[in-house]
Structure formats: C-alpha cells, structure tokens
Amino acid sequence: MIEVESLCRSFQDKKRGTVHAVNQVSFTVAPGEIFGLLGPNGAGKSTCLRILATLLSPTGGGARINGFDVQREPARVRESIGFLSGDMGLYPRMTPRELMLFFGRLSQVPEPELKRRANELIERLGMADFADSRFDKLSSGMKQKAAIARTLVHNPPVLIFDEPTAMLDVVTAGIVEGFILQAKREGKCIIYSTHIMEEAEYLCDRIAVINEGRLRMTGTMDQLRAATGKQRLREIFLDLLDRQVA
Ligand SMILES: Nc1ncnc2c1ncn2[C@@H]1O[C@H](COP(=O)(O)OP(=O)(O)OP(=O)(O)O)[C@@H](O)[C@H]1O
Ligand SMILES: [Mg+2]
C-alpha cells in the first residue's frame, strides 16, 4: 500500500551546503498497519511524508501509494491519501463543516454521501459544539480536529499524518488515537510521525527511527527491544540515535 524505495531528497542551502534531508530510505506499510516514523527535530520525517503526499519531489529513488507512483501519477496518489501536516492553511472565515464539504466536493464525493460523512466525522471527533463556528474563533485543538476530519472526508485508503496529536490536550489526543486505531480496523494503511513515545508504543505495529535522513532501524517493539537490549521506546530511541551510521 505504501512502498518506499531508496528515497532521497537533498536541498541546496547557501549556508549549510547540500542537506541530505532524506537519504536512501526504504520501507513498506501494509493495509491495516500503523507505521510510526520517529526521529529528532530535523531528522527528515516531514520531508519524507511530504514526498509521499506529492507536495515535494524526490531527488532520488521513489515511492508508490496504493499502487500509484508519486511522481508519475500524483493525481491518483492524492485521491488515495488523507494528508495532515502542522501547517494546514485553514481559511479564517470558513467553518469545520464547510471545510469538509469543500474538500469533499473537490474529491467528487457524491453530495448525499458527503453530508452523511461530514455528520459522522463531526460526531466521531466530538466536533458538534463548534462544527459551524468560524476557524478564527476556534482553539488550536479544535482546528486540528477539523483538519483531521478534512483529511478523512473522501474516505481514503492511506493516511499520512505528520504529528497529528501535537498541540492536542490529553482527552483530544486520546480521541485522535482512537480514530487512528479505528482506521486501522477498517483496513487503512497509516503512516504517521510523532515525538510522543508512549503514543507510538501504544499505536504502532512497526516503528522506524530516522536520524539525519537515514533510517536507523525499522521493526516491531519486540524486534527493536531484541536489537537494542532496551525495554522502553524512549530508551530504544536514544540508543539508536547514539549509534554511528554504518
Ligand atoms: N525547503 C527546504 N530547504 C532547505 N532545507 C530544508 C527544506 N525543508 C527541509 N529542509 C531541511 O531538511 C532537514 C529535514 O527537515 P524535516 O522538516 O524533514 O525534519 P523533521 O524530521 O520533520 O523535523 P521536526 O521534528 O522538527 O518536524 C532539516 O535539516 C531541514 O532544515
Ligand atoms: Mg516535521
């Protein structure tokens, strides 16, 4: 469902020279699987996820989403994904419900089904109180919920979430976590990045640790424990970051 092969993305930076933001990264994510991408600030997570979402082109390697090539078939890829990032431009005068209807129409979801899905998402994400209030009157967490609902309105088989629970309170983060688990049960293929170790440990079937553009290790919690001799994900993570790149 998500196939990433020797993916590279470098940037030319006047001060820093060539920055290898993503360097020879390969992994696959299956339907019904939650794949966590972990790494320190600047590790290359967002760059990788933006390439999968067709917002940025790779400088090497490639990726397929739902069988479609991110470079050759970007429109088909976009139909197949729900993408959430920290900088979802939300129009101040729009309401969460209007946002969902707007993006659903862009994705050509039939009108009766779209209204039904919007209502269902409003209910499931606990948005009833503010679904018809303008974004400029909403809190960060409320906006984040609406941004999540927007990514799901066309019912895509693949979800790409860049730090979906950042800025959310414990209760709301729990709702979003439940939502991700529900999506997994529906057979969706989910890749997401987070800095919250307990959350990754709880949600992810497999975890990849990336640092300086390179995948240090990919595996289930048990596999990561066996490889590092550590128990908690936090310790595993720090251990992997300490290791030199082979
Ligand atoms: N447009 C750009 N031009 C130059 N360098 C960039 C650009 N976008 C990203 N980078 C660099 O690529 C590297 C990876 O950045 P990226 O945003 O992917 O990290 P991240 O893992 O998402 O970090 P964070 O946890 O802080 O969100 C960083 O060194 C960053 O400065
Ligand atoms: Mg990032």
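**Helices and sheets of the model**

Guide: The axes of helix H8 (residues 221-228) and helix H9 (residues 233-242) come within 10 Å and cross at roughly 55 degrees. The model is a predicted one.

Visitor: Are H8 and H9 roughly parallel or oblique to each other?

Guide: The axes of H8 and H9 cross at roughly 55 degrees. Angles under 35 degrees count as roughly parallel and 65 to 115 as roughly perpendicular, with the range between these falling to the remaining class. H8 and H9 are therefore oblique.

Visitor: Which residues of H9 make the contact with H8?

Guide: H8 passes H9 in a left-handed crossing. From H8, the contact is made by Met221, Leu224, Arg225 and Thr228. Their counterparts in H9 are Leu233, Ile236, Asp239 and Leu240.

Visitor: How many residues in the contact of H8 with H9 are nonpolar?

Guide: The contact of H8 with H9 has 2 charged residues and 1 polar residue. The nonpolar class has 5.

Visitor: Which strands stand at the edges of the open sheet of 4 strands?

Guide: This sheet has the order E2-E1-E4-E5, with antiparallel pairing. An edge strand has a single partner, so one of its sides is left without a neighbour in the sheet. The strands in that position are E2 (17-29) and E5 (68-69).

Visitor: Over how many bridges do E1 and E2 pair?

Guide: E1 and E2 form a hairpin with 3 residues between them. Within this pair, Glu3 stands opposite Thr28 in E2. The pairing is antiparallel and extends over 9 bridges.

Visitor: Which residue in E4 does Val4 stand opposite?

Guide: Strand E1 (residues 2-13) and strand E4 (residues 60-65) pair in the antiparallel sense over 5 bridges. Ile2 stands opposite Ile65 in E4. For Val4, the residue opposite is Ala63.

Visitor: Which strands of this sheet does helix H1 touch?

Guide: Helix H1 (residues 45-52) packs on the sheet, and its direction makes about 120 degrees with that of E1. The strands touched are E1, E2 and E4.

Visitor: Which element gives the most to the shell around ligand 1?

Guide: The residues around ligand 1 include Phe11, Asp13, Val19, Ala21, Lys45, Ser46 and Thr47. E1, E2 and H1 each supply at least two residues of this shell. With 3 residues, the element that gives the most is H1.

Visitor: Are H3 and H5 roughly parallel or roughly antiparallel?

Guide: Helix H3 (residues 96-106) and helix H5 (residues 140-152) pack with their axes 9 Å apart, at an angle of about 20 degrees. Angles under 35 degrees count as roughly parallel. H3 is thus placed, relative to H5, as roughly parallel.

Visitor: Which residues in H5 meet H3?

Guide: H3 passes H5 in a right-handed crossing. On the H3 side, the contact uses Pro96, Leu99, Met100 and Phe103. In H5, these meet Ala146, Ala149 and Arg150.

Visitor: How many charged residues does the contact of H3 with H4 have?

Guide: H3 and helix H4 (residues 111-124) pack at about 140 degrees, with their axes 10 Å apart, and are therefore oblique to each other. Arg97, Met100, Leu101, Gly104 and Arg105 in H3 meet Leu114, Arg117, Ala118, Leu121 and Ile122 in H4. By class, this contact has 6 nonpolar residues and 1 polar residue, while the number of charged residues is 3.

Visitor: Which are the edge strands of the open sheet of 6 strands?

Guide: The strands of this sheet follow the order E6-E7-E8-E3-E9-E10, and the pairing is mixed. Each edge strand pairs on one side only; these strands are E6 (81-84) and E10 (214-219).

Visitor: At what angle does H9 run to E9?

Guide: Strand E9 (residues 206-211) is joined to E10 by 5 bridges, and the two run antiparallel. Asn211 stands opposite Arg214 in E10. H9 packs on the sheet and touches E3, E9 and E10; its direction makes with that of E9 an angle of about 35 degrees.

Terms used
Residues numbered from 1 in each chain as written. Chains lettered and ligands numbered in written order. Predicted model: local features only at pLDDT ≥ 70, side-chain atom pairs only at ≥ 80, totals over all residues. Axes fitted to C-alpha atoms, helices over the stretch in contact; angles between N-to-C directions. Parallel < 35°, antiparallel > 145°, perpendicular 65-115°, else oblique. Left-handed = near helix turned anticlockwise from the far one by under 90°. Contact = placed C-beta atoms within 7 Å. Nonpolar A, V, L, I, M, F, W, Y, C, P; charged D, E, K, R; others polar. Pairing = 2+ DSSP bridges. Near = placed C-beta within 6 Å.
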